[in-house]
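This briefing concerns the arrangement of helices, domains and chains in one structure. Please consult the sequence and the model alongside the points that follow.

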Amino acid sequence: MVRVVVGIKWVPNTQAVRFDPKTGTLMREGVPSIINPPDLSAVEFALKIKERYGGEAIAITMAPPSAVKGLEHVLGMGVDRAVLISDRAFAGADTLATSYVLAEAIKKISRDVGKVDLAVFGQETIDSSTAHIPAQTASWLRWPYVYYVTDLEIKDDKVVVSRVLEDRVEKYELELPSVISVFMESIEARDVRLLHKLRAKIEKPIVVWSNKELKLDPRCIGLKGSPTMVSKITWTLEVPRKKIVYKPKDPEDAARWLISMLLKDEKTSKIFKWVVGG
Amino acid sequence: MIKSNTTFPTKFDAIVVGAGPAGAASAYVLSKKGFKVLLVDRSREAGSKELYGGRIYLGPLKEVWPDLDKKAPIHRWIKKERASIMGKDGRIITIEYNAGRRTSFTAYLPELVRWMVSKAEEEGTIFVDEVVVDELLTSDGKVVGIRSGPDEIRSDVVIDAEGVNRLLLEKLGLVSGPRPEELALGIKEVLKVRKNEINAQFNVDDDEGVAWILMGDITLGIPGGGFIYTFNETISIGIVIHMANAIRAAEAGAINHSFELVENLRLHPYFNKLWKSSDVIEYGAHLTIEDGLSFMPKRLVYPGLLIVGDAAGLILNTGYTVRGVDFAVYSGKLAAEAVEKALSEKEGATEENLKVYEDMVRKSFMYNELKRHRASKELMKDPEFFTKISRIPLKFFSELYEIDKEVPTAYEAFKNACRSEDSGPLSLMFKLWGMVKKL
């Protein structure tokens, strides 16, 4: 029996976020949030562990109340229950303050529900890509941590994890409990199942924890607990489209036309010549 | 603290498949009457599969939700009705009618459907999204529930609100596959325009909108038409083309890609000033029903099953009026009432007991409308109506108004216009009269 906690992040769909070139800020208005896609791999990974060894999978997220929608999705995939950590006091947190809250929530699950054996995270998030959270959460918990994990095997109170690097696979033996982050795209998330989603809707196995429940030092959470400073954001301006439509006779004609257009433009002709070697 | 696994009931009084206007309405009415209802939809969020970007008639909706006009996310009330006949050379005839009262509105259908589903949930409907129903379960010739992947859920009755793509009904052998003659293709773009710009360009107030239909060259003569509707801060534009004719036109090389027709509309010099500074923020396409009565399944009721909305062929398209959302809602309401009646009988949802739904539909204004406007269907498929007949008035006005020295009499202009289409005034009058009778 293994109790797995899986962390998910409720992020703006970055593909739908537009950029205001005048102010240099993201226009998030009206952009729907989604589950951070790499976290869906982590959920799949957690469910596979649960299926293999028995036990339960618990999803946690620190997010505004709208994240219930995302939690319902992972419950629909087969996660047993979920914790939504939601409080204005947690808002504005950097990765340090966020990981602190997540670690304390995992401790509380261990106290209230039963000992947590594994905490699983996605590799990184699409809205910031720091990959800090699993490592920092492990530090707060003083649990061992391995990233880029593609597989694991539990033996008694130890776990052997495989992690991929570019050119090799490494195996590590860790003490349980431990933290892992799952290699992005190494595993495909399953679809929502009718019975699971129905259970999520009828039983609502989602509990909401504010700082009333977690009782954390206000100096260590939210904006106050976040030493990170963003000194500067730079961006690349969007290149306006030329809006030229050419209707070619055949692929060769299309290629000829495209090359002639690339050579006409000073910038692209440089790149083109560099790519094809003169 | 955290709830753990328990068992939960998986038997419902009614399962509604598809959370569009028809499904949401039937779930809402049934839940309100105290039935245990499961509403299932495949979309990521209620309404997100909706594409319709036109006007919606209030009357039938108010019978289900009396406060809909006050509470629902309505954008603009249609104040101006415009219709344009378009010629090739930039010649356009537009008529405008300024309405005296509010009978229809624009709304983002996804938003409106979300609102409808939330009302059903408030009444106790269990709504499950992100789930595809693979088939309707049957036992002894009666529909007894649904199957999705490995999961089966049972109910006394199933309401099929799956829409124009009737995969479940096809699987049961109750309807045949889609036929191009019965269908049309709708293609839409949503243009983002500032609110005050819309108000100024279309001469309307904040909560007033325009419904504008276009015919003639906008579809390159393919039977169908174009549309322009104003929303809070967007304009939806698009075209609807009759599928069978569109396929023929594509095969003959008359059109390349169907989306080019919408692009032509957006870039058209007569219209593009209305949305000068706009961005295209959305585009999409959807099947719609051209001929409701022939699309309608032989029966709307089978043992344990009722068919509502688009799946039941309840769409009216006369060319100047499109009604689908209100028909869907109204059919959902009728189905719910029939289910209440049937389930109060001892034998339950038998075909005889559910039959009352079919009777109600056939006696309703919807069926009447479909029958009354049936003749216009023929017209809507007739390429001549969209080419020749629309060119004659354009020619007439060009004769009359585009003057160098001499002004023709109106009769002379008319004669010339007819002659340009190889038609005498008298034979044209007969033809027109024949056509007008169908409208």
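In chain B, helix α1 (residues 21-32) packs against helix α10 (residues 325-344) at an angle of about 35°, and their axes lie 7 Å apart. This is a predicted model, in which local features need pLDDT of at least 70, side-chain atom pairs count only at pLDDT 80 or more, and totals for chains, interfaces and linings use all residues. Residues are numbered from 1 along each chain as its sequence is written, while chains are lettered from A and ligands numbered from 1 in the order in which they are written.

- Axes are lines fitted to C-alpha atoms, for helices over the stretch in contact, and angles run from 0 to 180 degrees between N-to-C directions.
- Helices (H or I, at least four residues) and strands (E, at least two) are DSSP runs, numbered from the N terminus.
- The crossing of α1(B) and α10(B) is right-handed, meaning that the near helix is turned clockwise from the far one by less than a right angle.
- Residues of α1(B) in the contact include B:Ala25, B:Val29 and B:Leu30, and those of α10(B) include B:Ala328, B:Ala335 and B:Val339; two residues are in contact if their C-beta atoms, placed from the backbone, lie within 7 Å.
- By class, the residues of this contact are eleven nonpolar, four polar and one charged.
- Ala, Val, Leu, Ile, Met, Phe, Trp, Tyr, Cys and Pro count as nonpolar, Asp, Glu, Lys and Arg as charged, and the others, Gly among them, as polar.

**Domains**

- Chain B is assigned domain 1 (11-72 + 107-175 + 297-374), domain 2 (181-289) and domain 3 (387-438), with bounds from an automatic or database domain assignment.
- The C-alpha centres of domains 1 and 2 of chain B are 29 Å apart, and their contact takes twelve residues from domain 1 and 16 residues from domain 2.
- Chain A comprises domain 1 (2-220) and domain 2 (239-278), whose C-alpha centres are 45 Å apart.

**Contact between the chains**

- Chain B contributes 17 residues and chain A 19 residues.
- On the chain B side, β7 (126-128) and β10 (151-160) each supply at least two residues, and the largest share, three residues, comes from β7(B).
- That side of chain B has eight nonpolar, six polar and three charged residues.

**Nonpolar core**

- The largest nonpolar core has 199 residues, and A:Val43, A:Val120 and B:Leu306 have the most contacts inside it.
- Such a core is a set of buried Ala, Val, Leu, Ile, Met, Phe, Trp, Tyr and Cys residues joined through C-beta atoms within 7 Å, where buried denotes 20 or more other C-beta atoms within 10 Å of the residue's own.
- Helix α10(B) gives the largest share of this core, eleven residues.
- Among the residues that B:Leu306 touches, not counting those up to four places away in sequence, are B:Ala335 and B:Val339.

Notes
Buried ≥ 20, exposed ≤ 12 C-beta atoms within 10 Å, placed from the backbone.
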